[in-house]
Amino acid sequence: MDKLFENYSLKKHNTFGIDVKARYYYEFTKSEEIIFFLKVNKISNIKKLILGSGSNIVFTKDFDGIVIHPKVPGIQIVKETTDFVLIKIGAGEIWDSFVNYCCLNNYGGAENLSLIPGTVGATPVQNIGAYGVEVKDIIEEVEAVNIETQEITKFKNKDCKFEYRNSIFKNELKNKYIITYVTYKLSKNPVLNINYGKINDELKKNKNKNIDSVREAVINIRNRKLPDPKKIGNAGSFFKNPIIDNKKTQELKKKFPGIVSYKVSETKDKIAAGWLIEQCGLKGKNYGKVGTYKDQALVIVNYGDATGNDIYNFAKDIQQTVYDKFGIILNMEVSIV
Ligand SMILES: Cc1cc2nc3c(=O)[nH]c(=O)nc-3n(C[C@H](O)[C@H](O)[C@H](O)COP(=O)(O)OP(=O)(O)OC[C@H]3O[C@@H](n4cnc5c(N)ncnc54)[C@H](O)[C@@H]3O)c2cc1C
């Protein structure tokens, strides 16, 4: 059933726990509801924001417009062969519950993305990724409602223009389409991807190597490294890992031999943003209301009653400090609203 609220607090709808209000807040559970709502209500002239669990957003002020929250439930196998399954999931389902479901059924492909907070509907938006896997590797199709025309559109994987923490939904189609369903393709003969990060080390503690043990390893590593948003407000990695020319990496290596870099192409390297921030002496800093997490410099945390502006201004200070030391621009991964 759909519901509309006025002057609605978003404090419980963002993982930084920022207390701002939305002029209108609308939630729905079926595509027909949102289509009908958009047809009868004239919202073309007011600002719109689509909100999942708010785990990748910083609100800097009250939202003078309508926040649309898809709560579409459901999980349905739409095709199955001896090799794979296609599973269509409602946008409102919690991503990690779906990963758990996949692991319980031995459907491989999502296990490295265990414990990433948020909804299924948001997964294509920034092409969530962790431990060598991106969700684009398993997305078959994204179904969305066009806010302007109310038509249902189906985007195939290549239509989504997936890139590192990026997609068409974060750019030209931002807040123009409401994602209602995502269909994922999972393997029934899982091939484990365990060469990234500390997964292999963690797995040595476990006799079995299967998707369940990979999920367990990822959960253990993440729990050690990342703060639980229920206890300390945060939005995970605040910045993207910058991608720079490998010539620049070579220059930086002369001055900073320990720089952490990964080759992404013949000419480009990805640099660990957390390492850059840490080298500026900014890991585990507590400035009262805001700071960085003790175990991961890339995570900005709300230590008290920080406002969105406190967080945003602190993020800008980090950007400047890193730029002054390394000449590298850190781009924010989170959406600033
Ligand atoms: C502790 C922690 C760890 C994290 N770790 C990772 C990680 O390892 N890898 C990673 O990639 N991310 C990570 N994140 C970020 C976050 O979990 C993901 O970006 C997640 O997909 C956001 O989901 P959400 O439902 O909270 O989206 P929101 O924060 O509500 O929205 C994010 C963006 O998607 C848009 N959006 C949301 N739902 C829809 C929809 N149905 N239709 C259209 N647009 C929509 C919003 O407008 C916004 O632009 C982490 C966050 C936290 C707090």
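Before I start, one convention: when I say that two residues are in contact, I mean that their C-beta atoms, placed from the backbone, lie within 7 Å of each other. With that in hand, let me take Phe-162, which, once its neighbours within four places in sequence are left aside, is in contact with Asn-127, Lys-136 and Ser-167. Please keep in mind throughout that what we are looking at is a predicted model.

Staying with Phe-162 for a moment, you will find this residue in the loop between strand 11 and strand 12, and because it has 21 C-beta neighbours inside 10 Å, Phe-162 counts as buried. Phe-162 and Pro-124 are 38 residues apart in sequence, and their C-alpha atoms are 8.0 Å apart in space.

Let me now step back to the chain as a whole. It has seven helices and 19 strands, and its radius of gyration is 20 Å, close to the 20 Å that the globule rule gives for 337 residues, so the chain is as compact as a globular protein of that length. The C-alpha trace spans about 60 × 50 × 35 Å along its principal axes, and 40% of the 337 residues count as buried. If we take the contacts with a separation of 6 or more, 62% of them are accounted for by residues 24 or more positions apart.

As for Val-67, not counting residues up to four places away in sequence, it touches Leu-10, Ala-22, Tyr-25, Leu-49 and Leu-51.

As a reminder, an α-helix has 3.6 residues a turn, so residues three or four places apart point the same way.

Next, the ligand, which is surrounded by 33 residues, the closest being Gly-52, Gly-118, Gly-121, Ala-122 and Gly-236. Strand 3, strand 8, strand 12 and strand 13 each supply at least two residues of this shell, and the largest share, three residues, comes from strand 13, residues 233–237 in the numbering used here.

I will finish with Glu-93, found in the loop between strand 7, residues 84–90, and helix 2, residues 95–104. Is this glutamate buried or exposed? Glu-93 counts as buried, because it has 20 C-beta neighbours inside 10 Å, and the cut-off for that class is 20 or more. Leaving aside neighbours within four places in sequence, Glu-93 is in contact with Pro-73, Ile-75, Phe-98, Thr-119 and Val-120. Glu-93 and Tyr-323, by contrast, are 230 residues apart in sequence and 39 Å apart in space, C-alpha to C-alpha.

Key. Residues numbered from 1 in each chain as written. Predicted model: local features only at pLDDT ≥ 70, side-chain atom pairs only at ≥ 80, totals over all residues. Helix = DSSP H or I, 4+ residues; strand = E, 2+ residues; numbered from the N terminus. Rg over C-alpha atoms; globule rule 2.2 N^0.38 Å. Buried ≥ 20, exposed ≤ 12 C-beta atoms within 10 Å, placed from the backbone. Near = placed C-beta within 6 Å.
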